[in-house]
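Open the model in your viewer, switch to a cartoon view and follow along. We will go from a sheet to a helix and then to its neighbour.

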Amino acid sequence: MALVLALLAPLHPGRARADTWDRIGRYAALIRRAGTDTMVAKDCPETLLGAFHAPRNALLLCANNLEDDPRQVWVVLAHESAHVMQHCHGAPLLADHQVGDALARIEAQSSSAFQELRLYHQSQRRDEIEARLVQGMPPAEVEALFRSFCAEELRGGGPIPPLESPLSPP
């Protein structure tokens, strides 16, 4: 319960982004260890930064649309990893009564992020609310949430493999 409530804790914008490729690489390796394929594409539609495809359990980062900036890449990776957490959990990350507070927090922090939520179909909106909360959390909290929601998948995984590049596919 404490980890779910952490989603509603005050966000720290200055600390919410990983500032090293190493941190991103370690987190991507953890995601792979939980059984999720991580891929990098260079031919995504121009507005797409990343995606998670649940039926294939695959996380995609769009290199052609991301700056060569670990802070931006982290935000997208954290956002998409929230969808992985939802997939591991088989349910939303927040309790029903927390969604309104989460939406209010997003609106207070960023009117543009709040407006973007309106672009999603109602059936996707709750997942996107949770992902926007996760993307704004400090990296250590994102990783702790991932380890909590994907604990069963991680137990079945072996040692985390080393990475040649922080964004290279497995």
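Begin with the strands: 3 of them form an open, mixed sheet in the order 1-3-2 (strands are DSSP runs of E with at least two residues, helices are runs of H or I with at least four, both numbered from the N terminus; two strands pair if DSSP finds at least two bridges between them). This is a predicted model, where local features need pLDDT of at least 70 and side-chain atom pairs count only at pLDDT 80 or more, while totals for chains, interfaces and linings use all residues. Residues are numbered from 1 along each chain as its sequence is written, and side-chain values use heavy atoms, without hydrogens and water.

Select 37–41 and 50–53 next: these are strand 1 and strand 2, the edge strands, each pairing on one side only.

Which strands does helix 3 touch? Helix 3 packs on strand 2 and strand 3, its direction making about 165 degrees with that of strand 3 (angles run from 0 to 180 degrees between N-to-C directions, with axes fitted to C-alpha atoms, for helices over the stretch in contact; contact means heavy atoms within 4.5 Å).

Finally, select helix 3 (residues 70–89) with helix 6 (residues 122–135): their axes come within 8 Å and cross at roughly 135 degrees. Show side chains for the contact, including His79 and Met85 of helix 3 and Glu130 and Arg132 of helix 6.
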